[in-house]
Structure formats: C-alpha cells, structure tokens
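Here is a friendly walk through this structure for someone meeting it for the first time. The points below can be followed with the model open beside them.

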Amino acid sequence: MKTAAREETALDVDGLRMRYGTVDVLHDVTFQARQGEVLALLGPNGAGKTTTIEILEGFRTRSAGRVQVLGADPAQGDERWRARVGVVLQSWRDHGKWRVRELLAHLGGYYAAYSTAAVRRPWDPDELVAAVGLTEHAGKKIKTLSGGQRRRLDVAIGIVGRPELLFLDEPTTGFDPEARHEFHDLVHRLAADHATTILLTTHDLDEAGKLADRVLILAGGRIIADGSVAELARRIAGEDEVRWTRGGERFTASTADSTAFVRGLFGRYGEAIGELEVRRASLEDTYRALVRQSEDAAGVGR
Amino acid sequence: MNPGTAALRAGWSRGVIELRQSFTNGAELLSHLLWPVLMLTAMYFMRDTTLGGGLLLGSMALPSILGMNAALGMVTMSQLLTADREDGTLLRAKATPHGMRGYLVGKVVSVAGGLLADLAILLLPGLLLIDGLAVGSPDSWLTVAWVLALGMAATLPLGAVLGSVFPSARGQGLVQVPVLGLMAISGIFYPVTALPEWLEWVAQAFPIYWLGLGMRSALLPDAAVDIEIGDSWRHLETVGVLGAWAALGLAVAPVVLRRMARRESGSSVAERREKALRRVG
C-alpha cells in the first residue's frame, strides 16, 4: 500500500506542454490538487481545457512536462489506476440501446474486484440511479433520455466505481436551471461525503464559484490565475463601469477606481452630471479582463 | 475475484445483453429475418434445377450460403466496431478497468451468437424445404461445428482489424465492395469449377470459399464431391487456409486494436460526430 502522505496530492502537474505539429496548445501548465479538493478549470473555448483534462485522464500523450495523477503517470496508468479514476467527457452517445440501470449494473461489474474495506466498489446501481435522480427512468432505453437526463447518466457512469478522482468536462452544458442546481448538489455530496477529488472544466464562472474550492484560469495555453474565487476577486482588480449624462449626452467609462473617477467627474462638472450609475466589477468581468490581458500579451509576443 | 476474470464475465454478460437487444428491436429483427427469407424463397423456386450428376442447385446452395453467412460475420464485426468508435462506446470501455477486454469478449459473443442464430433461422426451415441434404449422421454436425468454429476464428479477428483501420461508417462502405466480389466468385451460388482458373485461385485464397466448401462437405451426400475442385472435400486444406487466416488475424488484431484504442479520446469522438453531423446537414 502507498503511504497516506503520498496520497495527499491527488494531482500534480508541472510544466505540462502539448504541441500539435508546430502549434503549442499548452505552454506551461502547472498546478496541484489536494485529495478531496474541488478544482474548476476555467477558460475560453480553445484555451486547452479539454486537452489538459484528456492528458490527465490518460487519453492523450503529452509533449513534455511532469504529470502525476493519484501518484502515477497517466500515460502509463494501469487498470488498477484506471479503477480509481472516474471520467465524464463532453459528449457521449454510446450504449443507446441499453437501459439505464442495466448499463450501470454492467459497468459496475468491472470495479467489483477493486473493492476495499475503505471504498466499497461498485456503487449499488439502484442507489446510484437514485443519487443522480433517474429512478423513474431506470428502465428506459438510454437513447430516449433527454439531454439533461443523459448527462446525469454520464455522471452516474463516471462515479459507478466510486472513484477517488473524478474528471468532469463541461458537465452542465445543456442543463436547465433546475437540473443544474441538482447537479451542483450531487457534486457537493461527492466531495463532502466521499472525499472525492474533482477536476471540472466549465466556462461558467458562476458555476465555478459555486462548486470549486479553487479556480484555475487557463488562457492561451497557460494557467493565468490560481486561487479561491474570493482570492481571485481580491488579487485582480477588475474594471468598474461608470455611466452618466451631461448636457443631454450619454457617457460610459471603464475604470479600475470608480470612486476616484466619480470624485473627479463631480469636481470638474459639478451639477451638470446626471443619471450617475456605477457598476462594480463582477467576478465575470474580472475573468474577462484577465483573459483579455493574456490574449493581448500573447499578441505582443508574436 | 481477479479483475481480469471479472472483466471476462462482464464481457460475456455484455455479449448476451447485446444479443438479446438485437433480437428485441424491430429494425434488427427484420435484418435477421429478411435475408434468410429471401434466400429460402430463392432456393425454394430453384429446388428442382439440377447441376448435372443428379445434384440439385438448391441443396448445393443451402450449405454454401450458410458458409457465406458465417464469413459475413467479418463485415458485421467491422461495422459494429466502427459504429462503437463513432458513438464513444469504445472510449467508454477504455475508461473502465479492463474495459477493452470486456468489450471485445462481448463483441465476439454477440457477433458469434448472432451468426449462430442466423444460421439456425436459415437452416431449420431449409431442411424442410430442400431435398437432397445428408444430415442424418452425427458426423455431419461435427463437421458443421468445427468448420464454423475455425471459420469464425478466421473471420472475426479480421473484421476487428478492418473495423479499426477504417475511421468512419463511410469507409466501411468500401470494405463491402471487395467482400461482395468475393461472394460472387466463392462458389456460393454456382460451383467454383465453372469459373476461369485464375478466379478459382483468387477465391481459394480467402475464407469464404473454404467456409462454403466445409459446409457442403458436412451437409451434402458424398456423391456431391464430384463438382468440387479435385473431386475432394479437401478438409486438410480447409483447416490449413482457415487456420492461416485465424493465425494472421489473431496476431494482427491485438496490435491494430491497441493502436486504434490508444488514439481514442473525447475530442476524437466529438470530431467524428461533428463530421457525421455535417454530412447529414
């Protein structure tokens, strides 16, 4: 058995690079995740989120860098390692003719041999169906499920072996608000009750804020920010937006310090200012400002 | 239980479930029944046509068609593999411990089981409709059994290789053309000895001919051997050729399958889906 100390770091990525032909998709991705931590990998489309997650899942061979997932290199991960990792990809259409419970019971069968006293594997199919809210659809053919139901089944399949580490690639795409809420509950339960380490990708910042202990922002193939949502908001001052009218004309300005800006505005024009509106930078704006900065920097470098 | 053994068991139950699925949905059930019904109808109408030597065309065709059907398991295997790559089934197997092993066992069980069912669907009514078959002795059935077993060992791994090599359902269409050509020259619908000699040689290089021959040797009376090459059932050669294909397939298939599986990832599945959608739209 491995020692507990070695197990504490579930994910350890150092200097990860990925190159397709002559194009570098990932330049230098470095981050760690502790056991039981929920990490959100956030970034615009094409930032390299899926590539990163596929390398960690062991589905893609990296160009360079050191990657340890549950203490092993995913490129060499054996079946025992595989049994400890759960994977939910962006789009599945497989097993359409199978029935929901039937498939979960079948796939669970592969994990029975990896059951330990600490982690009972697999998850009982009926309990699992209930956990993802599909009980009334348990006997349905999978191809007849709605998009949100199908996605919940994908998550159920991802956790049927009670993984220590779960990868979720854009898990809530196509969810209605209700389904999204239920899904968030499920992720919280997994993290809290089963100490599952979770790495999820999303481009929904609000979702990242709700689910994750820590947010990584990936843009242009680099991690440009790493911290809790509160830390990120503190560390990176976003731009506030100020709107006003003067002499019947409308004005809009972006500023890092809206209080000083407004003071200046009144100092100069006094009573001529009307309809003043100040919108503080939201996390969303912070995120966008960050991504924009990194893209500009990449543009200069080119 | 050992994880590898667990995967074999899971694979077996997987095959059984898939087999049941293919007999409980309308479209697939139709494809199981349509072909045998067409064949039986054709054979029924040509039951009185003779080939000379007192041999009836219908009785010669029935075992040949059985042999051909078995060989077509290759095409089925290849199509299923391609379809399973496109929809992510294979990737799912890859994400499961020993999942690829379970997947392949399941595929072999369901394809082989489907073949046997198809054979029975054709053979049982065939025995009633067609005269001139020699099916009284246990020997006949023993021969059917070993020819089938060896034939599947020769063709199913090949099917897996073809399914791995062609990336899309479209490419699969290309596989079918040469297979149809081989069916035409493999002595299924008329004796291979009626063909030019060079075509005879081409036919004899592939498993379809030998599966047909093996089946005829099992189900036809001894006198029927007269229309075969060398007036012999050539069991030794049958074992040789089918065995060689089986050895080749079993040696190559794991390598090709592993290479194909290694390339599967979420984005490759998504990419193929986009392509397929573009084709439709």
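1. A definition comes first: a crossing is left-handed if the near helix is turned anticlockwise from the far one by less than a right angle, and right-handed if clockwise. Please keep in mind that this is a predicted model, in which local features need pLDDT of at least 70 and side-chain atom pairs count only at pLDDT 80 or more, while totals for chains, interfaces and linings use all residues. Residues are numbered from 1 along each chain as its sequence is written, chains are lettered from A and ligands numbered from 1 in the order in which they are written, and side-chain values use heavy atoms, with hydrogens and water left out.

2. Let us begin with chain B. H2(B) passes H5(B) in a right-handed crossing; helices (H or I, at least four residues) and strands (E, at least two) are DSSP runs, numbered from the N terminus. Helix H2 of chain B covers residues 26–45 and helix H5 of chain B covers residues 99–129, and their axes come within 10 Å and cross at roughly 25°. Axes here are lines fitted to C-alpha atoms, for helices over the stretch in contact, and angles run from 0 to 180 degrees between N-to-C directions. The angle therefore makes H2(B) roughly parallel to H5(B) (angles under 35 degrees count as roughly parallel, over 145 as roughly antiparallel, 65 to 115 as roughly perpendicular and the rest as oblique).

3. Which residues of H2(B) and H5(B) make the contact? Among them are His32(B), Leu33(B), Met39(B) and Tyr44(B) of H2(B), and Gly114(B), Asp118(B), Ile121(B) and Leu129(B) of H5(B); contact means heavy atoms within 4.5 Å. By class, this contact of H2(B) with H5(B) has 10 nonpolar, 3 polar and 1 charged residues. For the classes, Ala, Val, Leu, Ile, Met, Phe, Trp, Tyr, Cys and Pro count as nonpolar, Asp, Glu, Lys and Arg as charged, and the others, Gly among them, as polar.

4. H2(B) also packs with helix H3 (residues 57–87) of chain B, at an angle of about 160° and with the axes 10 Å apart. That angle makes H2(B) roughly antiparallel to H3(B). The crossing of H2(B) with H3(B) is right-handed. Trp35(B), Met39(B) and Met43(B) make the contact from H2(B), with residues including Ala61(B), Ile65(B) and Met68(B) on H3(B). Its classes are 7 nonpolar, 2 polar and no charged residues.

5. Further along chain B, helix H9 (residues 207–219) and helix H10 (residues 235–263) have axes that come within 10 Å and cross at roughly 140°. Is the crossing of H9(B) and H10(B) left-handed or right-handed? H9(B) passes H10(B) in a left-handed crossing. Pro207(B), Trp210(B), Leu213(B) and Ser217(B) take part from H9(B), facing residues such as His235(B), Val241(B) and Trp245(B) of H10(B).

6. The loop between H9 and H10 of chain B deserves a look. Most residues other than glycine have a negative phi, and most peptide bonds are trans. Asp231(B), found in this loop, has a positive phi near 50°. Arg234(B), also in the loop between H9 and H10 of chain B, has a positive phi near 45°.

7. Now for chain A. Here 3 strands form an open antiparallel sheet in the order E11-E10-E12; two strands pair if DSSP finds at least two bridges between them. Strands E11 (249–255) and E12 (273–279) of chain A are the edges, each pairing on one side only. Strand E10 (residues 240–246) of chain A is joined to E12(A) by 5 bridges, and Arg246(A) stands opposite Ile273(A) in E12(A). Helix H10 (residues 258–269) of chain A lies across E10, E11 and E12 of chain A, at about 175° to E12(A).

8. E8(A) and E9(A) form a hairpin with 2 residues between them, and Gly220(A) in the turn has a positive phi of about 55°. A cis peptide bond joins Arg121(A) and Pro122(A), with omega about -10°.

9. Finally, the two chains meet: 27 residues of chain A are in contact with 36 residues of chain B. The area buried between them is about 2,800 Å², and carbon and sulfur atoms give 56% of it (buried area is the accessible area, with a 1.4 Å probe, that two parts lose on being put together, summed over both).
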